[in-house]
Amino acid sequence: MQMVDYNKPLEMKQVPVPGVLGEEVLVKIQGSGLCHSDLHLMDGSIKIIPSFPFTLGHENAGIIEEVGEKVSGFKKGDPVVVYGGWSRKFDRFSLTGQEQLTSIQDWVGIGQPGGYAEYLKVPTFRYLLPGDGLDPVDSAVLTDAGLTPYRAMKKLLPNLYPGSTVVIIGCGGLGQFGVQYAKILTPYARTIAVDVDDSKLSIAKELGADAIINSKKEDVVAKVKELTDNEGAQGMVDFVGADATLAQAYSMGGRQSKLVVVGLAGGTLKFTAGLVNELEVTTSNWGSISELSEVISLAKMGRIRTRAKRIGFDEMNKTFEELAAGKIE
Ligand SMILES: [Zn+2]
């Protein structure tokens, strides 16, 4: 299923099956996640597609179909999960496994052909993790929707302590993992989930959120202050990244708190200089290979739940419309 231009539905096309050489691996796709980031790529608000037609799909898992002659540790028939932040560079970031910080043009399904296809050519076996024991649809989703909030939550660890509060803003695909990681990584902290949709908030509650706030119905900053004896939260993760959510997240931050911005809505935060709060603000970009292996471990241990709606190629355009309209839980 290929993108033929910005703001056009995806089209089914016949393309040749790629050959593989050297360290390359051909993966028969069994699961590929539809991501909210794809909407930003399709409507051109992130204009990065190298040329049309182009195959999206950056969250992938499947079975190895063929390996190049320099591949070791993997063979035909192995179930694998594909790390997506590909890079062709050797710099201090890629050498520490943080390849996603190196080159967005080399990311699968964003700069390089992705997994909305029967087969995916992976440039090196080093981007594969064993997927045995996992459902490939669930594990595909873990490579971004599961990985990105994991990295973001880990950035909060130094700021959280027993009795502290973490606020998850946006309880869609990523936020639902965010709530689960808050419970796993910082069970001693209170987790508050914020969204504009009651059904997403009830899922967040089910996944372990201690309190939920509908920011359409309530003054979310006042409510967080009330729940924290007027101190404010110590960790905030904004999975939306719009002007309004950034302003809310910033305003609810207490002393030595940290705001981690993940959402790609392109908002701007007015950061006021001052000495009082020692509030930190940072972005968080996807995840490293080692962080993905930690996420996969949690899934294999049964500690995280993936809620995936399963669709076929013929339902992709309709599903992207539903995703854009906020109708996908
Ligand atoms: Zn994604």
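This is a predicted model: local features need pLDDT of at least 70, side-chain atom pairs count only at pLDDT 80 or more; totals for chains, interfaces and linings use all residues.

Q: Why give both an angle and a distance?
A: Two packed helices are described by the angle between their axes and by the distance between those axes.

Q: Which residues in α2 and α7 meet?
A: From α2 there are Leu142, Thr143, Gly146, Leu147, Tyr150, Arg151 and Lys154. On the α7 side, their partners are Glu291, Leu292, Glu294, Val295, Ile296, Leu298 and Ala299.

Q: And how many nonpolar, polar and charged residues are in that contact of α2 with α7?
A: Sorted by class, the contact has eight nonpolar residues, two polar ones and four charged ones.

Q: What about Ser284, where is that?
A: Ser284 is in the loop between β13 (280-283) and α7.

Q: Is Ser284 buried or exposed?
A: Ser284 counts as buried, because its relative accessibility is 9% and the cut-off for buried is under 20%.

Q: Which residues is Ser284 in contact with, leaving aside its neighbours in sequence?
A: If you skip everything within four places in sequence, Ser284 is in contact with Arg151, Ala152, Lys155, Val260, Val261 and Val262.

Q: Why point out a positive phi?
A: Most residues other than glycine have a negative phi.

Q: Got it. Where else is there a positive phi in a residue other than glycine?
A: Asn230 is one, with phi near 75°. Asn230 lies in the loop between α5 (220-227) and β11 (233-238). Asn230 counts as exposed, at 59% relative accessibility.

Q: And which peptide bond is cis?
A: The bond from Phe52 to Pro53 is cis, with omega near -5°. You'll find Pro53 in the loop between α1 (36-42) and β3 (54-55). For background, most peptide bonds are trans.

Q: New topic: how many salt bridges does the count come to?
A: The count comes to 20 salt bridges. Side chains of opposite charge can pair when their charged atoms come close.

Q: What does Glu24 form a salt bridge with?
A: Glu24 pairs with Lys121, and their closest N and O atoms are 3.8 Å apart. Glu24 lies in the loop between β1 (2-3) and β2 (25-32), while Lys121 is in strand β6 (residues 119-122), so the bridge ties together parts that are 97 residues apart in sequence. Lys121 counts as partly exposed, at 36% relative accessibility.

Q: Nice. Which side chain does Arg305 meet in a salt bridge?
A: That would be Glu206, at 3.6 Å from N to O. This pair also links distant parts of the chain: Arg305 is in the loop between α7 and α8 (316-324), Glu206 is in helix α4 (residues 198-206), and they are 99 residues apart. Arg305 is partly exposed, with a relative accessible area of 42%, whereas Glu206 counts as exposed at 54%.

Q: And what about Lys309, which side chain does it meet in a salt bridge?
A: Lys309 meets Glu322, 3.3 Å from N to O. Lys309 lies in the loop between α7 and α8 and Glu322 in helix α8, so this bridge ties together parts 13 residues apart in sequence. Elsewhere, salt bridges that share partners join Asp135, Asp138 and Arg310 into one network.

Q: Last one: which residues in α5 are buried?
A: Val220, Val221 and Val224 are buried there. Seen down the axis of α5, the buried residues fall within an arc of 100°, so they line one face of the helix. What covers them includes β8 (165-169), β9 (190-195), β10 (211-214), β11 and α6 (243-251).

Definitions and conventions
Residues are numbered from 1 along each chain as its sequence is written. Side-chain values use heavy atoms; hydrogens and water are left out. Contact means heavy atoms within 4.5 Å. Helices (H or I, at least four residues) and strands (E, at least two) are DSSP runs, numbered from the N terminus. Ala, Val, Leu, Ile, Met, Phe, Trp, Tyr, Cys and Pro count as nonpolar, Asp, Glu, Lys and Arg as charged, and the others, Gly among them, as polar. Buried means under 20% relative accessible area, exposed over 50%, partly exposed in between (1.4 Å probe, protein chains only). A salt bridge is a side-chain nitrogen of Lys or Arg within 4 Å of a carboxyl oxygen of Asp or Glu. The arc is that of the directions from the helix axis to the C-beta atoms.
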